[in-house]
Amino acid sequence: MRPVRTSLKIRIVLFMGSMIILLMMIISISVLYRWRALILETQRQNALSVTRTFAASILDGLIFMESGLLPNEGYLENQVHSFLGKNPEVKWITIFDSHGQIMARSSFAGAGMAEQAPAAGTGSFSSQAAMQIAYSAGPGWILEISHPLQIHSKNWGSLRMGFDFNATHQRLKRLFIFILGLTIVFATGLLAIIWLFIGRLTRSLRQLVAEMDRFDLEKITPTQMHTGEDEIGMLVNNFEKMKQRLHQSRNQLLDAQRQVYQAEKLASIGRLASGVAHEINNPLHGLKSCLYAIEREPQNLPQLRSYLKLADEGLDHIALIVQKLLGFSRQHAKQTIAMDLNNETEKVLSLLAFRLDKNQIIIERDFARPLPELHADPYLIQEVILNLLLNSMDSMEEGGTIRITTRCDGAVAVRLEIADTGCGIDAKDMDRIFDPFFTTKEEGKGTGLGLSVSLGIIESHGGTITCESRPYRGTTFFITLPLHGSL
Amino acid sequence: MQIRKAAAVMKPSPSLILAAVLLVLFMTMTMLVYRDYMAIATPPQPADATAQAPAPISTGDTIHVGVISRFSPNLIYEGYQPIMEYLSRACGRPFALKLGSHYEETITQLDQGTIQAAFLGTYLYLRARQHHPIRCILKPLNSQFAPYFHSVLIVRSDSPITSIAGLKGKRLALPSPLSFSGNWLLGYELARHGLMVSDLDSVHYFGFHHTVIYQVLLGHFDAGAVKDRVAEEFAGKGIRIIATSGPVPGSPFIVRKDLDPALIAAITTALLRIDVRQPGWKDLVRDWDAEFAYGFAPASDRDYDAMAAIFRLEVKP
């Protein structure tokens, strides 16, 4: 089974993980910014409330001083220092008059707006309170608020206060880390759950893949998997049904193949018929001559014995030919036995002897002797040799040479080469010669199944068959067969 | 073959590449968000978007308007400064408040010419009109659009006192000795109920009407006299009214006699034009002192003669 580089599990986890992380990031960022806004707004409002409260008391003091109800001397300074003492979060306070002159201030020289006199026209004396968050090296983060000392359009100046904002800054940082950690923990947890869930799901798939990998058409065994009522269960059940169908189809295919073999065999027999008829005809003529001589001189006992012996030999010869023909044409179940490739080749040559002579074809035998025994079906091997020899004979209508070579290929296989000096095969046809029903012969002279059947037979024995050909120079078929059925 | 096999082994799977890309994206995104999230520094910005910009200041000599110290100065600014802004716009001259530390200081400021007009109390006006160059031109309307107000006697909600007669032996809080409410109670109502000041445990004067109510609420005093408009602010907040004066001509808006008649006419026109029953005017007076929330009526010295008689003050010929 080929290992998967990018499993379904990883892809699902990656996809869902990406989606979850994206979603969580969106939610976390939204929450984070919402929370940040809330914290900042709360701090701003708190600071503003404190500033407004202090501004109201300062404004009252200024109005009272203006009305003569309060002495001017030291009042504002006392208020500033008293307020600073009671409110540690306030870093500095500066009170400006309506001309931008400092009326009172704390001793701390703060950052930003603390010491800046508001210039006319800059909005510093706006009726609106202004705030600014700024950082400077000394005090760090400061929230500065400038609040007008004003009732409606009557302006007495402005109040500026600086609030320590470092704690808020730290709080925001802690919040970020908290939300980030929470996001990572939740995302990891969810991914782990998905990983386990998908793992359970894909485990069934992997088991099914293993079952498929073990599947052997020769031996149909029930799938060893616990299936549920889900889609995986359906898949397993369908796989089981598919196995049965495949097995059925294979049997049908084998039947069809057998029929094709038989058809091709019968076609070959047809092609052998004239040779066989001649083989039988010769002894028959001999028999007829013997009978004629016996009939003329029935008392000539020596002659009678001689002719009867000749007739007996002729009948034996006929019986042998018929036996060979029947043996070849009979339909066999594949039967593997120990056989000698040289002998089987000789048997086929004997069937073709008449046609070979008639066509003036010379057979050159280059047999390795001894040749190791081969475990194969002798009738199927004979059929292959017969098909190849018939093809060679067809390609040499005006005579030629067929060289048959057998060799031992190491200790595991034997090789058979059948080389003719015929017309050869066109290069354009080379890729198709083993295709069923492909033939270059005239109509009625070939079925186009010979090489296809031969290929099937050799492959069913675990062997190989290849071909080399040069037009007008000849063709050679190379067959390699494993000694024990498979290489 | 070996090299190709090794290359295939070394080549990372697309999932691994995707995971690495996602991780890098996550880290980059986290860093970017952190940078943006922690960037809290801001330029100066308005803290209160609802705040209104001040009205433009008119040109010309400022007309200073005094207000008797019946309320604390900040309350006076809250309630009277919008009137100054309205007059500035309506008359085309800047109007500004000038407060005094006590009732009589306002009269002094009028005499000295440091103020040209003033919101006086009824009793103070009755006393001052004979000897100072002032004339009243307007008086405020009450919620029934009548030019009167009432003084009321208040006690704490849980007080057993139910009438003026019940004040015997009690502690009394009053606003300024020159306020109408104090003089109404001491100089008129006590006698009507058979009591004398000496029948009371004590009488204490405070600077402002609101202070009188706070003192009663705190239990430092058993009863107090204030203007009805101030008592209404505390309705349902722990006080109870046990006596109410008859209708009193509203606290007059007076001017120096030598003030430019055209300016007087402009002021009169501007303030008499206010009609809160018409659309738009209510918004104008929303921030004004509650005493002026219903507009003004024309006023003359004669309107106050009856009150002068009650207090046995000299009636203007």
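This is a predicted model: local features need pLDDT of at least 70, side-chain atom pairs count only at pLDDT 80 or more; totals for chains, interfaces and linings use all residues.
Chain A holds an open sheet of 5 strands with mixed pairing, in the order β7-β9-β10-β12-β11. The edge positions belong to β7 (361-366) and β11 (464-470) of chain A; each has a single partner strand, so one side of each is left without a neighbour in the sheet. Direction ignored, neighbouring strands of this sheet are turned by 15° against each other on average.

Within this sheet, strand β10 (residues 413-420) of chain A runs antiparallel to strand β12 (residues 474-482) of chain A, and the two pair over 7 bridges. In this part of the sheet, A:Leu416 has A:Ile479 of β12(A) standing opposite. Helix α7 (residues 378-394) of chain A lies across β7, β9 (400-409), β10, β11 and β12 of chain A. The direction of α7(A) is at about 20° to that of β10(A).

**The sheet of chain B**

An open sheet is also found in chain B, with 6 strands in the order β3-β2-β4-β13-β5-β14 and mixed pairing. Here β3 (95-99) and β14 (296-298) of chain B are the edge strands; because each has a single partner strand, one side of each is left without a neighbour in the sheet. From one strand to the next, the twist averages 30°.

Strand β4 (residues 117-119) of chain B and strand β13 (residues 253-256) of chain B run antiparallel and are joined by 3 bridges. B:Phe119 has B:Phe253, in β13(B), as its bridge partner. Across β2 (63-67), β3, β4, β5 (134-140) and β13 of chain B lies helix α4 (residues 103-112) of chain B, which runs at about 30° to β13(B).

**A nonpolar patch on chain A**

The most is given by α1(A), with 5 residues.

**Backbone features in loops of chain A**

The peptide bond that joins A:Arg369 and A:Pro370 is cis, with omega of about -5°. A:Pro370 is found in the loop between β7 and β8 (374-376) of chain A, and β7(A) is also an edge strand of the sheet described above.

A:His152 belongs to the loop between β4 (140-151) and β5 (154-164) of chain A, whereas A:Gln360 has its place in the loop between α6 (341-358) and β7 of chain A.

| Site | Angle | Value |
|---|---|---|
| A:Arg369 and A:Pro370 | omega | about -5° |

With a relative accessibility of 26%, A:His152 counts as partly exposed. A:Gln360, at 60% relative accessibility, counts as exposed, because the class begins over 50% relative accessible area.

Note on methods:
Residues are numbered from 1 along each chain as its sequence is written. Chains are lettered from A and ligands numbered from 1 in the order in which they are written. Side-chain values use heavy atoms; hydrogens and water are left out. Two strands pair if DSSP finds at least two bridges between them. Helices (H or I, at least four residues) and strands (E, at least two) are DSSP runs, numbered from the N terminus. Axes are lines fitted to C-alpha atoms, for helices over the stretch in contact, and angles run from 0 to 180 degrees between N-to-C directions. Contact means heavy atoms within 4.5 Å. Buried means under 20% relative accessible area, exposed over 50%, partly exposed in between (1.4 Å probe, protein chains only).
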